[in-house]
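The chain is shown below.

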Amino acid sequence: MDDADTRPTASLYVDGFNLYRRLLEGHPQHKWLDLEALAERVLPDYRVTSISYFTAIIKALPGKDLRSPQRQQAYLRALDTLPRTKIYRGKFRIDPRVMPLHPTVLDADGAPKRVKVKKTEEKGSDVALASRLLIDAMKGIADIYVVCTNDSDLVMPMRLVKEELHRQVGLLSPVEPKRASNELKQTGPAWHRQITPTDLAACQLPDELDDARGTIHRPAKWATNSEGPTVVGPSNQGPKPPGGVATP
């Protein structure tokens, strides 16, 4: 980083699964996303000093794409090669639950019918993001703290950073402004910006990267020229099997 750079500093906090669900899920060719290149593109008026990326390790589920965890591992392994990016890993819980049918169906007594289902929940990511954001703001590590999310669960930590710690907060949305959470916008961020598919396309990692374990390959299903085949080969071709890291 250029010591003569006089731009204000920014620390970026990325809600990985919200970014995935709101934007990347519909653009599989853009999932090989370079977070540092994206930060430089959408925050050109700031010197981005750190990026914290929050996600959870997914599991292979019956009836789902069984290679999703492998692609996730490849991507987080690629992100680990970026010098300003740190990954915080939560987990998914899969629990049996009894829940009402949708649309509602009534039984003979007029009560809503209920069925037993498997419910998946991401655990730990929101709490980890809120905690990291607050600690960094208390330490004063940057001039502005930028949160990439559309999840209103993060309203309170953003308010605390602004109103109690008197730090600047920026809101980076993975959706169009008209679809962005009103609760987040009402926290009074210094500005509100949008990540677009054009931004994603311009900020892709190289198709191959190297780390201490070998070569990391862009998953074939995330190829830039198509959505890829339904069945693809292994995402990692390094000398060792992939380790436990993840993102969708």
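The model is predicted, so local features need pLDDT of at least 70 and side-chain atom pairs count only at pLDDT 80 or more, while totals for chains, interfaces and linings use all residues. Residues are numbered from 1 along each chain as its sequence is written, and side-chain values use heavy atoms, with hydrogens and water left out.

**Nonpolar cores**

- A nonpolar core is a set of buried Ala, Val, Leu, Ile, Met, Phe, Trp, Tyr and Cys residues joined through side-chain atoms within 4.5 Å; buried means under 20% relative accessible area, exposed over 50%, partly exposed in between (1.4 Å probe, protein chains only).
- The largest core has 37 residues, and Trp32, Leu33 and Tyr75 touch the most other members.
- Elements that each supply at least two residues of this core include strand S1 (9-15), helix H1 (16-22) and helix H3 (68-79); helices (H or I, at least four residues) and strands (E, at least two) are DSSP runs, numbered from the N terminus.
- H3 gives the most to this core, with five residues.

**Cysteines**

- Cys148 is buried because its relative accessibility is 2%, and Cys203 is buried at 3%.
- The count of disulfides (pairs of cysteine sulfur atoms within 2.5 Å) is zero.

**Strand pairing**

- Strands S8 (residues 208-211) and S9 (residues 214-217) pair in the antiparallel sense over four bridges; pairing requires at least two bridges found by DSSP.
- A hairpin of two residues joins S8 to S9, and Glu208 stands opposite His217 in S9.
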